[in-house]
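Here is a short briefing to read with the model open beside you. Take a look at the fold first, then follow the topics in turn.

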Amino acid sequence: MNVKFFSRDNCGLCVDGLLTLKLVQEDINFDIEIINIEEDESIHEKYMLMIPVVEKDGQVIQYGNLDYATLMEHLCSE
């Protein structure tokens, strides 16, 4: 399973969100693809006010303040 993590540099909430996602990764096997929204104009426009954003199979699972329980619930349903 591949999970996309949208973030940008100098984003404290993104750092915290990635740590939370990695905690979930310790319990569920999946790959994290980290995408810097500032490297693609269309992605930047789409997610600039939402980051960090976690996406699986093209669907946004959670954004902003990420929490373990919500991520675990959505990623376990694979």
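Helices (H or I, at least four residues) and strands (E, at least two) are DSSP runs, numbered from the N terminus. This is a predicted model, in which local features need pLDDT of at least 70 and side-chain atom pairs count only at pLDDT 80 or more, while totals for chains, interfaces and linings use all residues. Residues are numbered from 1 along each chain as its sequence is written, and side-chain values use heavy atoms, with hydrogens and water left out.

- Four strands make up an open sheet of mixed pairing, in the order 2-1-3-4; two strands pair if DSSP finds at least two bridges between them.
- Strand 2 (31-36) and strand 4 (59-63) each have a single partner strand and stand at the edges, so one side of each is left without a neighbour in the sheet.
- From one strand to the next, the twist averages 25°. Axes are lines fitted to C-alpha atoms, for helices over the stretch in contact, and angles run from 0 to 180 degrees between N-to-C directions.
- Strand 1 and strand 2 run parallel and are joined by six bridges; N2 has D31 in strand 2 as its bridge partner.
- Helix 3 lies across strand 1, strand 3 and strand 4, and runs at about 160° to strand 4.

**The cores**

- A nonpolar core is a set of buried Ala, Val, Leu, Ile, Met, Phe, Trp, Tyr and Cys residues joined through side-chain atoms within 4.5 Å. Buried means under 20% relative accessible area, exposed over 50%, and partly exposed in between (1.4 Å probe, protein chains only).
- The largest nonpolar core has 13 residues, of which L21, V24, F30, V54, L71 and L75 touch the most other members.
- Strand 1, helix 1 (12-27) and helix 3 (68-76) are the elements that give two or more residues to this core.
- Apart from it lies another core, of eight residues, with C11, C14, I37 and I51 among them.
- Leaving aside residues up to four places away in sequence, L21 touches V3, F5, F30, I32, V54, L71 and L75, where contact means heavy atoms within 4.5 Å.

- F6 lies in strand 1 (residues 2-7) and counts as buried at 4% relative accessibility.
- The contacts of F6, not counting residues up to four places away in sequence, include I35, I37, Y47 and P52.
- F6 and H44 are 38 residues apart along the chain, and their C-alpha atoms are separated by 9.3 Å.
- K56, in strand 3 (residues 53-56), is buried with a relative accessible area of 10%.
- The K56 side chain reaches the backbone oxygen of H74 at 3.4 Å.

**The cysteines**

- The structure holds one disulfide, a pair of cysteine sulfur atoms within 2.5 Å.
- This disulfide joins C11 to C14, with S to S at 2.3 Å, and both cysteines are buried.
- The torsion about the S-S bond of C11 and C14 is about 70°, so the disulfide is right-handed.
- C76 counts as partly exposed, at 46% relative accessibility.

**Backbone details in the loops**

- The peptide bond from I51 to P52 is cis, with omega near -5°; P52 sits in the loop between helix 2 (41-47) and strand 3.
- N10 is not a glycine, yet has a positive phi of about 60°. N10 is in the loop between strand 1 and helix 1 and is exposed, with a relative accessible area of 78%.
- D57, also not a glycine, has a positive phi of about 55°. D57 belongs to the loop between strand 3 and strand 4 and counts as exposed at 65% relative accessibility.

Terms used
A polar contact is a pair of N or O atoms within 3.5 Å; within protein, one must be able to donate a hydrogen and the other to accept it, and residues adjacent in sequence count only if both atoms are side-chain atoms.
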